[in-house]
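Work through the exercises below with the sequence and the coordinates open. Each task is followed by a solution in steps.

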Amino acid sequence: MNIKQLEDELRSCREFIPESEYYRIYGRCLQQPFSPCNSGYRKLMYAIHVKHALNLIKAEIAYIATGHENKIGDKSSYKIDTKHELKVISKIPKFAFTPNHHYYLLVQDEETRTLGVIERISYKHCSESTGFFYNNEYLDSLVPMDDCDTINQIRDEAYSLECDRYQQKYSGAYCDDTTIDMYAQSYADSIVNMRTMIPKGTTIKKSTAFDAYNNYMQGVNLLTAYMDCNQLTEDPVKMSISAARKFYTPQVKPVSICINENDLLIDIHGTGDTYKPLPDIGEIVKDNRLYCLRRQVKEDCLYTQSKERLRQPMPSDEFSPVKGMVVDYDIYCNNPSALDLEYNKQLKFYYDNQMRFAAEMLEKIRIFMNVHPDYKMSTDLRKMEQKYDKMVRGVQFIMDDKPFNNMRVDVTVVEHNPLSEGDKICNRYGGKGVTAKIVPDEEMPIYIDENGNERRVELLWRSSTGINRENAGQYKEICLNNFSCQILDHIRGISNRDEQFKELTKFLDIVQPAYSERLKNAVEDHLVDEEQDEFWKTLFDMDCIPLILDPYKDHMGYDDFYKIYEAFPYIIMPTLQVPIKDCKGNTRFVTTRRPVGVGHQYIYRLKQYAEEKYSETSLSTVNIKGDNAKSKASKEYKELHKRTAIRMGHMENDSLSHIGTDAVVTFLMLYSVSPTGRLHAKDILVGDPFNVNLRLDENDRNRKVETYKTRFEAMGLELVIDIKKKKPKQLEFSDMFRIKEQPKTKKQLEFSDMFIRK
């Protein structure tokens, strides 16, 4: 099969597959525009990047979309739609003092004869500290059927509003009171039905990655430029402060506190006479200390348990260095009598509220099941019913496959995490960058538009990143967004509405003809004047003209860009004013000598935090085997940073191998794999600071090698390490200048002939 036959075969296969089924083959890569122009390796990398992208608190829709984003978003498990019509029966709040913070709705499915449950919660924990926030506006608007007072209030308000509307509509004319009452009653019943019933296919809860119209969005649009400077070598990128603030993501931190019988919580959050060891729901953690746990020692109790000392942490106490806001509590107590102590009054308050919730949930379920014996419970509701039944009956809780003797408190803390230096971002073309520097907006280059308005560049990439990887799509995105931005600026200066619409459709006819025709029909034939004003207002609030380009058909070749240049003569390639500091530290702006590619680009934030990569090395900490001690305290939020020995990765080994393998092994032994070798690091602090020379002695051993040697001996083998010094070849001085004589040819010139002057 030749190349032409192969292309025909692929084309026929593509035509056979409908566009609605593209996502089954291409998956997440359907969100990458200009796909034929991009590198295949970078497409695979983008598929990994978008999988690791975080949900932003305030995400945006991409100015250049592919039309497949919503299809990918519909497959998300964090967008929950109803499969049948549901009737809201009851509402049970988890915390009685904040009834709308966290609650459960019992719903009736008449089609499947099932009683189900919907949890209204503001957060979702995924893994480690990653998570997202839920949008619960629809759930908060619902009213249960057993809340008669609220339903009657809604009905009365709707009835009175409808009566007033009819009287204003038929003002001055005779209007039958019976007819008004009938229509008002019907309208009030429909409003009540709307607040108590959930129609089929309704989105009841979704993450913040969906807007009000369920458009799927994961990133933000940043004004991006490609430049070459020392700070952008390899992976680093430079960003402004205002751009970094757009990448706020939620961090969900579950903290588990195990309280034994001889432990007590210290009053670090109390004021006055109130003993308060933990923050309440909705409170910010003070001084980044969630709790302080102290072990009771009888010999020291007169000192450690005095009134003053119970408010002051001690070095021997157990801390939790976590920051954020407390949003949830779960208390598992196998010793309820311990809650009566003065130290545990706050825990008793939440425990009593938890028992109230469990009893109320069981009561609501059993009342409904007794009235409707032909109904069954959903799987989730059955699990909850069994859990709370055991809780009410006093069954012992189990942890690590065995009951524990006292209590455990699970606290959930949520924090709005900003983008920091060292965090990673990526675009839609497989390009990943580390935020090397976040600078004030005044220190970023300036882009001046057609109307003379100054716009600050928000993100700087290295200019050769797409050229080296044959990845042209990223340049096309910023160029096309730059063109649409200049066209939109030009349209804003036109006063005639028809001329504005003509200029807009002229651009769309080149870029997206099908969408242009639909827009003409919608605006001219179906939108009234008020709706057209709203359309233009929404468009003018944007920086660019939003476009939807098919990832495989609308790849925008160079001829298409040339057509845009010819159709819009006022489009120019922009030059930037770049800040440069002189020898005195003063900043001046210098205009670039050539045009610079600048435009908006859609950027994601990846879930690799620089803070989590920080480690405090414990040079002398080993376990019973003599290996490096691996502590999980940082993951359990008991320590601020990791305290494990330095670990060398593959990239570090490859980077340092040019200085010799023996140097790499020596470095590893001094900082990691040799328990006695790590003790030499104290010379850095106590030795001569001007003569630091760390060396291994004959007593230092590589613990990893000893481990492997022991395993080989168990198999009857012996590991022998024979170190031989390399003997460099000695070259004679004459060998360095010896030239091998070759027979001369006619075309060869003598060495002296090269210097003969005419």
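In this predicted model, residues 24 or more positions apart account for 73% of the contacts in the chain with a separation of 6 or more. The chain has 758 residues, of which 41% count as buried, and its secondary structure comprises 22 helices and 29 strands.

**Exercise 1. Length and faces of a helix**

Task: Check the span of helix α6 (residues 148-169) against its 22 residues, then find which of its residues are buried and which are exposed.

Solution. 
Step 1. The expected span is 1.5 Å times one less than the number of residues. For the 22 residues of α6 this should give 32 Å, and the end C-alpha atoms lie 31 Å apart, so the two values agree.
Step 2. Buried means under 20% relative accessible area. The buried residues in α6 are Ile 151, Ile 154, Ala 158, Glu 162, Cys 163 and Tyr 166. Because they cover an arc of only 160° around the axis, they sit on the same side of α6.
Step 3. Part of the cover over the buried residues of α6 comes from α7 (177-196).

**Exercise 2. A helix pair**

Task: Describe how helix α14 (residues 497-511) and helix α17 (residues 558-567) pack.

Solution. 
Step 1. The axes of α14 and α17 are 10 Å apart, at an angle of about 160°. Angles over 145 degrees count as roughly antiparallel, so α14 is roughly antiparallel to α17.
Step 2. The crossing of the two helices, α14 and α17, is right-handed.
Step 3. On the α14 side the residues that meet the partner are Lys 506, Phe 507, Ile 510 and Val 511; on the α17 side they are Asp 560, Lys 563, Ile 564 and Ala 567.

**Exercise 3. Positive phi**

Task: Locate Asn 214 and Met 556, and give the phi of Asn 214 and of Met 556.

Solution. 
Step 1. As background, most residues other than glycine have a negative phi.
Step 2. Asn 214 has a positive phi, near 65°. Asn 214 belongs to the loop between β9 (203-207) and β10 (220-227).
Step 3. Met 556 also has a positive phi, near 55°. The loop that holds Met 556 runs between β26 (547-548) and α17.
Step 4. Is Met 556 buried or exposed? Its relative accessibility is 3%, so Met 556 counts as buried.

Terms used:
Residues numbered from 1 in each chain as written. Predicted model: local features only at pLDDT ≥ 70, side-chain atom pairs only at ≥ 80, totals over all residues. Heavy atoms only, no water. Helix = DSSP H or I, 4+ residues; strand = E, 2+ residues; numbered from the N terminus. Buried < 20%, exposed > 50% of the residue type's maximum accessible area, 1.4 Å probe, protein only. Arc of directions from axis to C-beta. Contact = heavy atoms within 4.5 Å. Axes fitted to C-alpha atoms, helices over the stretch in contact; angles between N-to-C directions. Parallel < 35°, antiparallel > 145°, perpendicular 65-115°, else oblique. Left-handed = near helix turned anticlockwise from the far one by under 90°.
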